[in-house]
Amino acid sequence: MATWNSRGLRGSTLEEFVNHTNERYMELGLALIQKIPTPITPVKIDRESRHITLAYFDKDSTVDYIGAVQGIPVCFDAKECSVDTFPLQNIHAHQMDFMERFEQQGGISFLLIYFREREELYYMQFAQIRRFWQRGQEGGRRSFRYDELEPGWFMKLRQGYFVPYLDFIQKDLDTREE
């Protein structure tokens, strides 16, 4: 059973940006995307601040976000990276399995990766995630480097905090049809 320590999750910049973006997309009637809470069992609670300081994950979670965009089922995970190498251990086998099954049902699965030092966002299609994952499973690198990523899938934050992932979902759909 995995443990969680609240100090490690402070200041999740990408999550805040995505949550704000999801609210805006909902207000505009463009998408309905929900944050999926990770079920935990608290073990230690700081009595003064009433914050959970130690907890156990109840079960494996799926992805961070799930919903629909103009009738298209969408699921994705948001990851932050402080260096130019992203370890695949940040993506779990049960998440890969869920995203694979989601795609088989006609949905779109992807990762949003925020390279903090560069202040750059990357939309990673499931096909690309799978290639890196398989490489690691077959004895190759168990990570991918920034310079391995396809330049056309980087996105710029709008207004400093808005994540324009709908544009990239459309691009994802267009590349699937080719």
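User: Let's begin with the strands. How many bridges join S5 to S6, and in which sense do they run?

Analyst: In this predicted model, S5 and S6 are joined by 5 bridges and run antiparallel.

User: Which sense of pairing links S6 and S8?

Analyst: S6 and S8 pair in the parallel sense, over 8 bridges. Here Asp 77 stands opposite Leu 111 in S8. As for cover, 7 of the 10 residues of S6 are buried, so the strand counts as mostly covered.

User: Now the core. Which of its residues touch the most other members?

Analyst: The general idea is that in soluble globular proteins, nonpolar side chains tend to be buried together. In this structure the largest nonpolar core has 48 residues, and Leu 112, Tyr 165 and Ile 169 touch the most other members. Strand S8 (residues 108-115) gives the most to this core, with 7 residues. For a closer look at Ile 169, leave aside its neighbours within four places in sequence: Ile 169 is then in contact with Val 69, Val 74, Ile 108, Phe 110 and Tyr 123.

User: Let's turn to helix H1. How does its span agree with the number of residues?

Analyst: Take 1.5 Å a residue: the 15 residues of H1 (residues 13-27) should span 21 Å, and the end C-alpha atoms are 22 Å apart, which agrees.

User: Which residues of H1 are buried?

Analyst: They are Leu 14, Phe 17, Val 18, Thr 21, Asn 22 and Tyr 25. Seen down the helix axis, these buried residues fall within an arc of 135°, so they line one face of H1. The face turned away from that buried side carries the exposed residues Glu 16 and Glu 27.

User: What do the buried residues of H1 pack against?

Analyst: Their partners are strands S2 (31-35), S5, S6 (72-81), S8 and S9 (120-125), together with helix H4 (165-177). Just after H1, Gly 29 takes a positive phi of about 75°.

User: Finally, confidence. Which elements have the lowest and the highest mean pLDDT?

Analyst: Strand S1 (residues 3-4) has the lowest, at 38, and strand S5 (residues 65-69) the highest, at 97. The protein averages a pLDDT of 86, and 86% of the residues score at least 70. Over residues 1-11 pLDDT stays under 50, and for that stretch the model has 20 contacts beyond four places in sequence.

Note on methods:
Residues numbered from 1 in each chain as written. Predicted model: local features only at pLDDT ≥ 70, side-chain atom pairs only at ≥ 80, totals over all residues. Heavy atoms only, no water. pLDDT = per-residue confidence, 0-100. Helix = DSSP H or I, 4+ residues; strand = E, 2+ residues; numbered from the N terminus. Contact = heavy atoms within 4.5 Å. Core = buried A, V, L, I, M, F, W, Y, C linked by side-chain atoms within 4.5 Å. Buried < 20%, exposed > 50% of the residue type's maximum accessible area, 1.4 Å probe, protein only. Expected span 1.5 Å × (residues − 1). Arc of directions from axis to C-beta. Pairing = 2+ DSSP bridges.
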